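Here are a few exercises to work through with the structure open beside you. Try each task before you read its solution.

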Amino acid sequence: MNPTPQEKHQTLQRVTIVGSVINLALGIAKILLGWMFRSHALLADGIHSLSDLLSDILVLVLGKIAHQGPDTNHPYGHERFETLGTVLLGMILGAVAGALGYDSIVRLFGHSTPAQTSWLTLAITLISILSKEWLYHYTLKAGKQIRSDLLIANAWHHRTDSLSSIVVLVALVGNYAGLSWLDPVAALVVAFMVARIGWELTWSSLQELTDRALPEEETEAIMQAMSQEPGIKDVHDLRSRKMGSHYLVDVHLVVSDELSAAEAHHVGLRATQRARKACADIRDIVFHIDVSADEQGQLHLPSRHDVMQWLRPRLQERQLHLHHLKLYYLNRQVRVELYFDHHQQSTTLELQQELIADRPVWLEDIRLWFTPAASASDKNQQETD
């Protein structure tokens, strides 16, 4: 069952606040202990934890905007602000990976003062690894439940802090064992992993911002589902784009040219129900009804206004009051259906014979229908037509 926008925002807010509190506590503890024991790695890791607060604030701000409803300037909603936030977080991860890799290379080929190993530094590092790994799984699970790419991106940001704490632990243990080179080598591996995660998040979100379509298999499933609706002759020109965790779809549906506009629209609505069952991530479907006749061949045919201009002098000559006019565009011709009051039957039959005898090339047939006497409002409508 899909969560409501309010539920998504509440979950995102709750999870992010929990992460903010943990990041603040870990950051302060790491910086204090790093300063006390002259551990540059632990000090840098503490600054990294505090920097995570910036991403948490970013998630809270953009998450709030993303879950606002449509407005005048954003008629499709604000979900792409969440996508924008995911791109920014991916870029932040890339920057973290670059800084970590550069620092590792400098320390690998340069000279640095080894850190002092203490049970306090080991303890806070272990606590950081466990707490950030728990926070990663906690945030990732919530992000998947509410289908929030922004929250999932922030979960991976927590994972980078866990990995950087592992690097610090390796540095401390390696220093104790006399293997100081383990620290920069391990950090390079972590930097590569962080860079890969950042790239995947950024690339995926950029695809959405450039209106990438649904996967081909899902597109085929939607078209197949819609084509199974009775009354649908063909489904074509399906276009889609992603917005947040949902998709917007435009599609053309071909129906019989004998259907009225109301019936064709009803068939289209039923076809969209089938599409939503085939793909639960569809939020909005705009469908265009096409008739099975050749569309290009219809362009030369007269409009309703043209047909009325053709009929009006003949109606006025016989003092006939037209109740309704229906037009059917069939096989590059027009079938005209005229609705009159029942008492005008004999006069309208004469009109029908005259029009058919002198029919224009676009006229396929004229059919007459008779109804009870027209009301005043109907007559006003006829005059408007």
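**Exercise 1. Is W362 buried or exposed? Then work out which aromatic partner it has.**

Solution. Keep in mind that you're looking at a predicted model.

- Step 1: W362 has a relative accessibility of 16%. The cut-off for buried is under 20%, so W362 counts as buried.
- Step 2: Now look for a second ring. W362 forms an aromatic pair with W310, at 5.2 Å centre to centre and with 75° between the planes. An angle over 60 degrees counts as edge-to-face, and that's the label for this pair.
- Step 3: Check where the partners sit. W310 belongs to helix α9, while W362 lies in the loop between α10 and β6. They're 52 residues apart, so the pair links distant parts of the chain.
- Step 4: W310 comes out as buried too, at 17% relative accessibility.

**Exercise 2. Find the largest nonpolar core and say which elements give two or more residues to it.**

Solution. 

- Step 1: This core has 20 residues, and W362 is one of those with the most contacts inside it, along with others including L325, V336 and F340.
- Step 2: The elements giving two or more residues are α9 (304–317), β4 (322–330), β5 (333–341), α10 (345–357) and β6 (363–371). Helix α9 supplies the largest share, five residues.
- Step 3: Zoom in on V336. Leaving aside neighbours within four places in sequence, its contacts include V307, L325, W362 and I366.
- Step 4: Apart from this core lies another one of 19 residues, with I222, Y247, V267 and F287 among them.

**Exercise 3. Describe how the rings of W134 and Y138 are arranged.**

Solution. 

- Step 1: The structure holds five aromatic pairs.
- Step 2: W134 is partly exposed at 47% relative accessibility, and Y138 is partly exposed at 25%.

**Exercise 4. Which residues form a nonpolar patch on the surface?**

Solution. 

- Step 1: The patch is made of W199, W203, L206 and L209, with about 410 Å² of accessible area together.
- Step 2: Take W203, found in helix α6 (residues 182–209). Its relative accessible area is 43%, so W203 is partly exposed.

Terms used
Residues numbered from 1 in each chain as written. Predicted model: local features only at pLDDT ≥ 70, side-chain atom pairs only at ≥ 80, totals over all residues. Heavy atoms only, no water. Patch = residues over 30% accessible without salt bridge, like charges linked within 9 Å, V, L, I, M, F, W, Y side chains within 5 Å. Areas by Shrake-Rupley, 256 points an atom, 1.4 Å probe, with all protein chains shown as cover. Salt bridge = Lys/Arg side-chain N within 4 Å of Asp/Glu carboxyl O. Helix = DSSP H or I, 4+ residues; strand = E, 2+ residues; numbered from the N terminus. Buried < 20%, exposed > 50% of the residue type's maximum accessible area, 1.4 Å probe, protein only. Core = buried A, V, L, I, M, F, W, Y, C linked by side-chain atoms within 4.5 Å. Contact = heavy atoms within 4.5 Å. Phe/Tyr/Trp six-rings, centres within 6.5 Å; stacked < 30°, edge-to-face > 60°.
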